[in-house]
Protein chains: 2
Amino acid sequence: MTAILIHEVGPRDGLQMEKAVVPFERKLEWIRGLAGAGLDVVQVGSFVHPAKVPQMADTDRLFAELRAGPLRAGVVLSGLVLNEKGLERASAAGVGLLCMGVSASETHSRKNTGMAVAEAAARIVAMAKAAMAAGTRVQVSVQSAFGCGYEGAVSEERVLGLVRLYVENGITNVSLADTAGHAVPDAVARMYDNVYALSPGLDCACHFHDTYGLGLANVWAAMRAGVTQVETSVAGLGGCPFTKIAGGNVCTEDFVHMLQRSGQRADVRLEALLAIANDVAAYFGRQMPGKVYKTGPIGAAGVTA
Amino acid sequence: MTAILIHEVGPRDGLQMEKAVVPFERKLEWIRGLAGAGLDVVQVGSFVHPAKVPQMADTDRLFAELRAGPLRAGVVLSGLVLNEKGLERASAAGVGLLCMGVSASETHSRKNTGMAVAEAAARIVAMAKAAMAAGTRVQVSVQSAFGCGYEGAVSEERVLGLVRLYVENGITNVSLADTAGHAVPDAVARMYDNVYALSPGLDCACHFHDTYGLGLANVWAAMRAGVTQVETSVAGLGGCPFTKIAGGNVCTEDFVHMLQRSGQRADVRLEALLAIANDVAAYFGRQMPGKVYKTGPIGAAGVTA
């Protein structure tokens, strides 16, 4: 069995959803802790306009400070870019894995970027190729890959069309993101089967939200289909606390707990993740979606009584 | 694909965990509603000593009233029995599916029944055979099938040993219950593969708790392995609200939502289940574990925005 690679996205996908801007020093501590716990990739932030997303305004500074150390050797720091200006900043910041994406939904694409899917895809592919030519590792995602909050169902063919375009342009690391939280395990299994049929050697990631209680079910379905990169968020950050649609990302420590109970990734320090999750919950002063930080893991001897 | 049969256990496994005794009329309303929503089997209660479990004291009376109607035609009313006295009462009550079980964990078995596993198994198998001989449908479970709150790990061989004993005694409907909530999807898939290898035609059920966020993941893994009966609880009832280990049973309406998003069981009225879940939450005055009753289902057009 291939080792599962864990990509922590809480500091980006989680904190950008929070109204409160988390102070620089606190973010630094959390990111260092997440890296130190043994997670493989940590997404530090997003290179967006600081006036538009003040939660992400310190992304360049975080990269500078993190790269100066102390930082666990081997951890990859990833960052999200949306446009050419962001790509420029990310290159200057020394991002280890550059993440970018295109929505498979026309409405979502237009609302998010002002562009139709085809136009957005051409632009992102050009950015990805430029970054790869400069020697940077790149991951390109299909957003709204399992449904759209505006349009509802998104056809599998639209998703596969984007994947095909990526592959044709030499992109080897592709993430499917369930932006709206609509995925169900049957659809996940079918989609990845089709993706691998299209490109057997593709390095695939998955990104799910737990809005309807299906987060880990979808992850497991993706893993069974062959996915080896899983994007998760400490404490289950990433839901919107101001709407009743509260589901965050799949929770990192709950996922690690599942893996370790399945005999995988014993190298990750679950206790360190649980301490960070508790700190995150205390910081925001509310219960977070994660379960294991509340219940405690099943003990070393498996005893909970 | 075989249709998935939904066995609602909230009125029994859920309400027996609640400190408050739910009044007879309210239970009646919930059970009729759950049956009316299109669930296949509803577990009405447990034939235990009323002084020991006052929450279940009205089980005989519930059966009498429910069988007198009005009740959706075709729904099966199940009941749990622990001993010969309970079996007698259940037979008199006209239970449609008689449920009984043996723990695979010695400690759990002794604490629950005062008997070692082998002794408890002999007694339950004798009861099951007597009931079957009298023409009653029977389901026998293996409790603590994926781990024990006292002992930790439970060996797969112990579980399979009980299943073998059941099969040898003509029992054709077997449920594996994750009493402690320790199951992970890998273990679930492996266990049911082994069960079906032992007895290819066996009618298997699964029963999971969502303590560590794995409820629906485990259910899906079981379904992929061939399980066609799933035990769930409305609103996710079944956790213990007085400890920090709060995970209830897999939530009925969240499961139905998943099935319907996967193109199955369109006959079940999800809105009716959500109304009952809301009523259950209002009755107990606390947030229940179910997700979809809080977020709302993905709309008919798939839109949540």
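Two residues are in contact if their C-beta atoms, placed from the backbone, lie within 7 Å. In this predicted model, residues of helix H2 of chain B meet residues of helix H3 of chain B. Chain A holds a closed barrel of 8 strands.

**Helix pair in chain B**
- On the H2(B) side, B:Phe24, B:Lys27, B:Leu28 and B:Ile31 meet B:Arg61, B:Leu62, B:Glu65 and B:Leu66 of H3(B).
- By class, this contact comprises 5 nonpolar and 3 charged residues, with no polar ones.
- Helix H2 (residues 24-36) and helix H3 (residues 59-67) of chain B have axes 11 Å apart and pack at an angle of about 50°.
- H2(B) and H3(B) are therefore oblique to each other, and the crossing is right-handed.

**Barrel in chain A**
- The strand order is E1-E2-E3-E4-E5-E6-E7-E8, with parallel pairing.
- On average, neighbouring strands of this sheet are turned by 25° against each other, direction ignored.
- Strands E4 (residues 97-103) and E5 (residues 137-143) of chain A pair in the parallel sense over 7 bridges.
- A:Ser103 has A:Gln143 in E5(A) as its bridge partner.
- Helix H7 (residues 156-168) of chain A packs on the sheet and touches E4, E5 and strand E6 (173-177) of chain A. The direction of H7 makes about 165° with that of E5(A).

**A:Gly36**
- A:Gly36 lies in helix H2 (residues 24-36) of chain A.
- A:Gly36 counts as partly exposed because it has 16 C-beta neighbours inside 10 Å.
- Leaving aside residues up to four places away in sequence, A:Gly36 touches A:Arg72 and A:Ala272.
- A:Arg269 is 233 residues from A:Gly36 in sequence, with a C-alpha to C-alpha distance of 8.4 Å.

Definitions and conventions: Residues numbered from 1 in each chain as written. Chains lettered and ligands numbered in written order. Predicted model: local features only at pLDDT ≥ 70, side-chain atom pairs only at ≥ 80, totals over all residues. Helix = DSSP H or I, 4+ residues; strand = E, 2+ residues; numbered from the N terminus. Buried ≥ 20, exposed ≤ 12 C-beta atoms within 10 Å, placed from the backbone. Axes fitted to C-alpha atoms, helices over the stretch in contact; angles between N-to-C directions. Parallel < 35°, antiparallel > 145°, perpendicular 65-115°, else oblique. Left-handed = near helix turned anticlockwise from the far one by under 90°. Nonpolar A, V, L, I, M, F, W, Y, C, P; charged D, E, K, R; others polar. Pairing = 2+ DSSP bridges.
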